[in-house]
Amino acid sequence: MLLLPLLWAGATAAFPFRAPHDLLPRDNITSDSDSWQIVAADKQSARASLLKETGWLVPPELLPSNDTLDVTSWAFTSGWFTDLELEITEATASDVVERIASGEWTATQVLEAVGKRTVAAQQLVNPLTEIAFDRAFQRAAELDAHFEQTGCVVGPLHGLPISLKDQFQLKGLDSTIGYVSFANKPADVDSTLVSALEAAGAIPGFVKTNIPPGLMADVTVNNLFGRTVNPFNRGVGTGGSSGGEGALVGSHASFIGVGTDIGGSIRFPAINAGLWGLRPSVGRCSYQRVANSLRGQEAVQSTCGPLGRSPADLRLFMSTLAAQNTFLQDPVVLPIPWREEQEQLPEKLSFGWTMGDGAFQPAPPLQRAMYETRKALEALGHEVVEYIPAGLPEAQALVTSMFRADGSVQYEHDIDSSGEPWIPQVLNLMRPVPEKERPTVNDSWALVEQRQRFATQFLADWEETKNITCTGRPIDALIMPVQSFPALPNEFEDDLPAGYANLSPMLDLTTGVFPVTRVDPAIDTVNASFVPISDADKNNQAKYDDPERWRNVPVGLQLIGRRLEEEKIVTLLEVVQKALKK
């Protein structure tokens, strides 16, 4: 039997996670037990060969030791990068496109710096699935030639490398979405979003990034590419399912990454890696020709959006994409331009403040982030009012039922057809239902009807918040945690309660996320006076038993608006950014 390599040679007990090949297969798997491992070994070997060809692999003696958890400063202390490479990779996307447009940097220079840092990130935190440097450098050369000949940029993203979650199709490359059974089936056409970004001058898909199998987990580990870990603390993950993007952009090896979100998959990785992110409403970004699980399920829809290093970068991505008129190719995209008038905000803003979901209380680092954000906004003269939307635990149960409306038949087929074992967190959520117990069509319709009633009541309740604000207007946005804990430790096999995150996809609410702080064990101590709401809350909080486990892990929050409020939410993120800087 072939054994897949760990993330780095000589991994020690400092990284107490279970490697994918150690997971036990399900009892009903009848395929050749070695066949999936051969496929996985071949995929990893191909990836390793492409990385070696770059000439950028970091010599082992320059890499940090395996027990070094925080590797975010390594780029500055290793001596591996030139001053220019560090200057380029530490810039924001907005700065990069300006300096390329001015002629200070070329697209090729930027791509070389990013590529070198990406290879190092792979050696440190394992964020990659597919490598497309050849295509990217060809594109960079074309862009540089155009600029040299005309003195003009192709578009607002001229020369900007953008990484893509594995779901997005690049012609000639796989989009396995973590399934062994999807390997060696390269796409014959690019995703519509990829083509739109290229038309705007970007270099999309220089690499694609890691995900859990079928995307439905809050960790990023699979049997093909292994586990992605967090650059701020390699003992924990970056969340899922866009965890590879979180790790890559958080390592400053990409300026903007494109993720997707059906239950928190942009928001978890962004906050766990100290990033800004946006979950747009469905129809603002093209999802056409994107590999997916839950295919055909429309009760709760996935959407795609950016993870970046500033609100300005989110605006750059979204406004540029809106101008590409992808609604002419993708019937789901709405013909809505970027509406600058929606960025005009009242002088005094009112924010709802939701400490928990009524069922599970956040761990101490999340509570500190909530209080710090409240204090910062109030210091700028804004209003923050306590408000917990009704029915959040019920929303969690409803969304989970929608995800499993087919009894997980499709999921079971896509995993079991290769004989690969199930990842525990995926099995927790998507465990197959016996045939006689599977939901009926009427059951599915009833779930949609419940969601519609919930959405109607939610909007009515939001409007009623005008009675608790001093502005006489409803709240402008809702601030709450995305999850009850900081990033999951690698050895955890349980899921965290997801009620915090599922409200936005269930109601298709525009939602941004922002970084606040990092876990400090000296401050974020175990709450000795904690009073649980329930036994489940008690058991969940008990997992926060050793704050040292989360040392230095970024902590962020989400900012929830109403549907199709992307312009407003990005602008509100800038308000939060200003407040937290002060």
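Mentor: Let us begin with burial: a residue is buried under 20% relative accessible area, exposed over 50% and partly exposed in between, computed with a 1.4 Å probe on protein chains only. The model is predicted, so local features need pLDDT of at least 70 and side-chain atom pairs count only at pLDDT 80 or more, whereas totals for chains, interfaces and linings use all residues. Residues are numbered from 1 along each chain as its sequence is written, and side-chain values use heavy atoms, with hydrogens and water left out.

Take the aromatic rings to start with. A pair of aromatic rings is described by the distance of the centres and the angle of the planes. Rings of Phe, Tyr and Trp (its six-membered ring) pair if their centres lie within 6.5 Å, and planes under 30 degrees apart count as stacked, over 60 as edge-to-face and the rest as tilted. Searching the whole structure on these terms gives 14 aromatic pairs. One of them joins tryptophan 74 to phenylalanine 81 in an edge-to-face arrangement, 6.0 Å from centre to centre with 85° between the planes. Tryptophan 74 counts as buried because its relative accessibility is 7%, and phenylalanine 81 counts as buried at 9%. The pair of tyrosine 179 and tyrosine 411 is edge-to-face because its planes stand at 80°, with the ring centres 5.8 Å apart. That pair links distant parts of the chain, 232 residues apart, with tyrosine 179 in the loop between β2 (161-165) and α7 (192-199) and tyrosine 411 in helix α13 (residues 409-416). Helices (H or I, at least four residues) and strands (E, at least two) are here DSSP runs numbered from the N terminus. Tyrosine 179 is buried at 0% relative accessibility, and tyrosine 411 is buried at 2%. Elsewhere, Trp56, Phe133, Phe137 and Phe206 are joined by ring pairs into a cluster.

Rings also meet charges, where a charge sits over a ring if NZ of Lys or CZ of Arg is within 6 Å of the ring centre and within 35 degrees of the ring normal. Lysine 116 lies over the face of tryptophan 80, 5.1 Å from the ring centre, and the charged end of arginine 374 sits over the ring of tryptophan 353 at 4.7 Å from its centre. Arginine 374 is among the buried residues of α11, which also include Pro364, Leu366 and Met370.

We can now turn to charge pairs. A salt bridge is a side-chain nitrogen of Lys or Arg within 4 Å of a carboxyl oxygen of Asp or Glu, and 31 salt bridges are found in the whole structure. In one of them arginine 339 meets glutamate 567, with 2.9 Å from N to O. This pair ties together parts that are 228 residues apart in sequence, because arginine 339 lies in the loop between α10 (311-322) and β9 (350-353) and glutamate 567 in helix α18 (residues 566-581). Arginine 339 is buried with a relative accessible area of 19%, and glutamate 567 is buried with 0%. Aspartate 476 bridges to lysine 568, the closest N and O atoms being 3.5 Å apart. Here aspartate 476 belongs to the loop between α15 and β11 (477-480) and lysine 568 to helix α18, so that distant parts of the chain, 92 residues apart, are linked. Aspartate 476 is buried at 5%, as is lysine 568 at 16%. Arginine 453 and glutamate 449 form a salt bridge with their closest N and O atoms 3.7 Å apart, both of them within helix α15 (residues 441-464), 4 residues apart, about one turn of the helix. Glutamate 449 counts as partly exposed, with 45% relative accessibility. A network of salt bridges links Glu87, Asp95, Arg99 and Glu104.

Finally, consider the backbone. Most residues other than glycine have a negative phi, and most peptide bonds are trans. The peptide bond from glycine 240 to serine 241 is cis, with omega near 5°, and serine 241 is placed in the loop between β5 (226-227) and α8 (243-250). Asparagine 184, although not a glycine, has a positive phi of about 60°, and asparagine 184 is exposed at 56%. Asparagine 552 has a positive phi near 75° and is buried, with a relative accessible area of 17%.
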